[in-house]
Amino acid sequence: MNIILLGPPGAGKGTQAQRLVERHGMRQLSTGDMLRAAVKAGTPTGLEAKAVMERGELVSDALVSALIGDELDAMGEQTGAIFDGYPRTAAQAETLDGILNARGRKLDHVIELSVDEEALVERITGRFTCASCGKGYHDTFEQPKVPGTCDKCGGTEFKRRPDDNAETVRTRLAEYRAKTAPILPIYEARGIVSKVDGMSPMDEVTAAIETILKA
Ligand code: AMP
C-alpha cells in the first residue's frame, strides 16, 4: 500500500507516519528528513537546500523528486510507502505519478490531516526531539516523564529544528496554502482523499487512519 499524508507543517504527519511504520512495517519517506540528513552530511543536495529550508521556502521539485525515486529504489518492492511532506506542489504530484508507475506502484490513499492554523504556530515552536532516538516531545503538551531524560531510550540530549521558529513557520504555512493545498483537488478527482481531524488527540487520529486503511 502506498499513501500520502498531506497537511500543513505541525499537522502530525511525522508522528502518524512513525506509528504506521511501527504497526505495519511500512516505510516513511519524509523529504524533510532526507534534506535535513543531507544538510548535516554536507552533500551537494544539502548545500543547495540549507538556506532555502532556513527561510521556510520550498526546495526545487527536481531535487526532492530525485530523493524520493532513490529511496523507493532502495526499499523492497513489497514494502508500503508513506509519503510525508511530499508531494508539496502540483509538479511534484505529477512527477510522483510517473515515479510510482515506473515501479509498478499505485497510490491507494491520500490522507488529509486538517488543522486549525492558529494552533500550528504553538505546536511547532514548542516541539523538540530526542537526539538519540528521535522521539518527539513538546514544551507544553508532552514533556519527558523524567525531566531531561527520554522516555523511550533514556537519552539526555534533545534537539530542535532550526526552522521551527515563529517567523519561519509563518512562511512555511504560507507556502503550504499557496502551493501544497492546491494539489488536493487532483487527488479528490480520483476519489482517494480521506480527511482526518488533525486537532483530535493523537491516538484518535491514529485510529481514524487505521479505519481508512482497512476500508
Ligand atoms: P518538513 O520537514 O516536511 O517540514 O520540511 C522541512 C523543509 O524542507 C521545508 O520547509 C522545505 O524547505 C523543505 N522540503 C521538504 N519537503 C519538501 C518538498 N517535498 N518540496 C520542497 N521542499 C521541501
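Predicted model: local features only at pLDDT ≥ 70, side-chain atom pairs only at ≥ 80, totals over all residues.
**Stop 1: the ligand shell.** Select the 16 residues around the ligand; Thr31, Arg36, Glu57, Gly85 and Gln92 come nearest. By class, the shell divides into six nonpolar, four polar and six charged residues. Next, highlight helix α2, residues 31-41, which gives the most to this shell, with four residues.

Stop 2: Display the side chain of Thr31, where an N or O atom is 2.8 Å from a nitrogen atom of the ligand. Then select Arg88: an N or O atom of its side chain lies 3.0 Å from a ligand nitrogen. At Val59, a polar backbone atom is 3.1 Å from a nitrogen atom of the ligand. Taken alone, the ligand exposes 480 Å², of which the protein buries 96%.

Stop 3: Now select Cys130, Cys133, Cys150 and Cys153, which an unreviewed UniProt entry annotates as "binding site". These residues are spread over 24 residues of sequence, yet they cluster in space, with a largest C-alpha distance of 8.6 Å.

Stop 4: Centre on Cys150, in the loop between β6 (136-138) and β7 (158-159). Is Cys150 buried or exposed? Its relative accessibility is 3%, so Cys150 counts as buried. Beyond its neighbours within four places in sequence, Cys150 is in contact with Cys130, Cys133, Lys135, Tyr137, Gly155 and Phe158. Move to Cys153, also in the loop between β6 and β7. Cys153 has 40% relative accessibility and therefore counts as partly exposed. With the neighbours within four places in sequence again set aside, Cys153 is in contact with Cys130, Ser132 and Cys133.

Key. Residues numbered from 1 in each chain as written. Heavy atoms only, no water. UniProt positions renumbered as here; feature names shortened; annotations may be inferred. Helix = DSSP H or I, 4+ residues; strand = E, 2+ residues; numbered from the N terminus. Buried < 20%, exposed > 50% of the residue type's maximum accessible area, 1.4 Å probe, protein only. Contact = heavy atoms within 4.5 Å. Near = heavy atom within 4 Å. Polar contact = N/O pair within 3.5 Å; in protein donor to acceptor, adjacent residues only side chain to side chain. Areas by Shrake-Rupley, 256 points an atom, 1.4 Å probe, with all protein chains shown as cover. Nonpolar A, V, L, I, M, F, W, Y, C, P; charged D, E, K, R; others polar.
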